[in-house]
Amino acid sequence: MRTQVAIIGAGPSGLLLGQLLHTAGIDAVILERQSADYVLSRIRAGVLEQVTIDLMDEAGVGTRMHQQGLVHNGFDMLFKGQRHRINLDRLTGGRHVMVYGQTEVTKDLMEARQLAGLTTIYQADRVQVLDFDTDHPRVTYEKEGKTHELACDFIAGCDGFHGVCRASVPRSALQEYEKVYPFGWLGLLSDTPPVHEELIYANSPRGFALCSMRSMNRSRYYLQVPLTDKVENWSDEDFWQELRLRLDQEAGQQLVTGPSLEKSIAPLRSFVSEPLRFHRLFLAGDAGHIVPPTGAKGLNLAATDVKYLFDALREHYLEKSSAGLNHYSETALKRIWRAERFSWWFTQLMHRFPEAGEINQKLQEAELDYLVHSDSGMRTIAENYVGLPLNFGL
Ligand code: RFL
Ligand code: PHB
């Protein structure tokens with residue numbers, strides 16, 4: 001089999017790239033290790049920046065998102081028992097975010113791909129990316145006991161943090177930067193109305209909590225937990241009780257509880273691998289970087305990497321110019337480091353650090369107090385939260 005672009009991974013990065021390439025008449029095959037149902041069962045991101053909304057439209061898959069997505073013009077920050085609203089709309093000159101789950105984004109992209117009759121090979125085992133340092137890269141994989149080969153012009157590594165693409169690059173060609181946080185997020189999804197019409201980010205003495213949602217009758221909540229905690233030791237009852245203790249009185253009283261549809265613990269990490277290009281192999285999304293979820297940036301960064309890569313590939317095929325491909329890594333990394341900084345900073349600001357002494361705790365409180373009582377302070381949060389424009393730094 002032969003294709004122009006072999007895409008490894010059918011998460012949001014791989015599927016979005018496939019759909020954008022299709023709009024430009026560029027052929028791509030996606031290889032995914034898991035089944036489509038498994039990919040759809042992973043509950044992850046919930047907040048889309050305007051650039052991601054625009055990309056869904058550009059890929060021709062925005063209809064359901066505009067019907068069902070919830071536009072949010074602000075969110076609350078809670079500390080010392082008080083909530084403070086960050087008015088995104090006012091602080092950023094009319095910008096906002098949209099609450100629309102990653103599962104729905106993935107579903108819309110999968111359906112469009114299927115409708116267009118494009119090839120996705122699910123449950124592709126032992127994917128190997130080969131010869132990407134030459135002009136004739138290829139990918140091999142196993143399916144139902146047989147080995148297959150896919151020849152291509154380029155390989156797009158959209159296979160997430162644990163994927164095969166970054167792992168196939170010689171260690172000497174990579175520089176990795178990593179910070180692992182001393183806690184994780186325990187998430188719970190339930191068919192209950194959200195506690196508040198906007199998100200609440202809470203810094204409580206018992207640790208961080210986040211109240212998010214997927215719709216007006218489906219809620220998503222998170223609790224900061226020690227890395228040693230096991231999800232099976234957290235009953236739904238324990239979760240709701242702990243969440244209530246981390247919220248203000250009003251929210252605690254309004255909280256509607258119910259059985260969990262999903263519960264999982266995710267570790268928190270800041271990670272960047274440089275560069276993102278190795279001759280004919282390009283990394284995009286979580287394959288090249290990870291942010292802690294506090295800033296809601298992971299999916300959005302994945303989408304913007306894909307946009308830069310798509311534009312570069314289109315330029316290569318339609319305009320016979322390799323300028324975009326040559327600049328991909330540098331361009332994407334500029335935006336990535338900006339989002340890494342915000343995600344790290346917002347994580348530091350909102351969580352309780354087990355090793356922090358009393359002075360650090362007092363300093364964190366003073367910083368929060370300063371931020372929410374200063375327009376410049378709130379603007380710094382708001383403009384990073386709604387996301388940077390695509391042409392930032394260019
Ligand atoms: P994914 O989604 O990990 O997809 C990679 C795909 O590659 C497949 N794969 C392979 N396929 C073939 N061969 C191999 N050897 C393979 N190895 C792996 C995998 O099966 C998978 O299908 O990466 P992608 O596409 O780059 O997308 C990144 C996003 O998923 C991620 O950044 C976000 O979910 C992060 N994130 C959030 N981002 C936001 O923008 N806003 C949020 O509100 C937000 N909340 C979150 C989050 C991530 C979370 N967790 C669980 C890490 C909340 C949480 C709790
Ligand atoms: C989510 O709804 O899953 C979500 C929202 C905001 C975040 C992280 C996760 O910062």
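Before I start, one definition to keep handy: two strands pair if DSSP finds at least two bridges between them. The model I am reading is a predicted one.

**Entry 1: strand S1**

I began with S1, which covers residues 5-8. I looked up its partners, and S2 (residues 28-31) turned out to be one of them: the two run parallel and are joined by 4 bridges. Across that pairing, I found Ile7 standing opposite Ile30 in S2. I then traced the chain between the two strands. From S1 the path goes through helix H1 (residues 12-23) to S2, and this β-α-β crossover is right-handed.

S1 also pairs with strand S12 (residues 154-157), again in the parallel sense and over 4 bridges. There I noted Ala156 of S12 opposite Ile7.

Next I asked myself: which way do Val5, Ala6, Ile7 and Ile8 point from S1? Val5 and Ile7 go one way, while Ala6 and Ile8 go the other. Buried here means under 20% relative accessible area.

**Entry 2: around ligand 1**

I moved on to ligand 1 and found 32 residues surrounding it. The closest are Ser13, Glu32, Arg42, Gln102 and Leu299. By type, the shell divides into 14 nonpolar, 11 polar and 7 charged residues.

I then looked for backbone atoms beside the ligand's oxygens. Gly46 has a backbone N or O atom 3.2 Å from an oxygen atom of ligand 1. For Ala296, a polar backbone atom is 3.2 Å from an oxygen of this ligand. For Gly298, the distance from a polar backbone atom to a ligand 1 oxygen is 3.1 Å. How much of ligand 1 does the protein cover? On its own the ligand has 1000 Å² of accessible area, and the protein covers 89% of that.

**Entry 3: around ligand 2**

Ligand 2 has 14 residues around it, and Tyr201, Ser212, Arg214, Tyr222 and Pro293 come nearest. I sorted the shell by type and got 8 nonpolar, 3 polar and 3 charged residues.

Ser212 places a polar side-chain atom 2.6 Å from an oxygen atom of ligand 2. Tyr222 also has a polar side-chain atom 2.6 Å from an oxygen of ligand 2. Alone, ligand 2 exposes 280 Å², and the protein buries 97% of that.

Strands S15 (207-215) and S16 (218-226) each supply at least two residues of this shell. S15 has the largest share, 3 residues.

**Entry 4: strand S15 and its neighbours**

I stayed with S15 to see what flanks it. S14 (residues 200-204) runs antiparallel to S15, with 5 bridges between them. In that pairing, Ser204 has Gly207 of S15 as its bridge partner. A hairpin of 2 residues connects S14 to S15.

On to S16: it pairs with S15 in the antiparallel sense over 6 bridges. Ser212 has Arg220 of S16 as its bridge partner. Here too a hairpin makes the link, through 2 residues.

Why is S15 largely enclosed by the rest of the structure? Because 8 of its 9 residues are buried.

Terms used:
Residues numbered from 1 in each chain as written. Chains lettered and ligands numbered in written order. Predicted model: local features only at pLDDT ≥ 70, side-chain atom pairs only at ≥ 80, totals over all residues. Heavy atoms only, no water. Near = heavy atom within 4 Å. Polar contact = N/O pair within 3.5 Å; in protein donor to acceptor, adjacent residues only side chain to side chain. Areas by Shrake-Rupley, 256 points an atom, 1.4 Å probe, with all protein chains shown as cover. Nonpolar A, V, L, I, M, F, W, Y, C, P; charged D, E, K, R; others polar. Buried < 20%, exposed > 50% of the residue type's maximum accessible area, 1.4 Å probe, protein only. Right-handed = clockwise from strand over helix to strand, strands pointing away.
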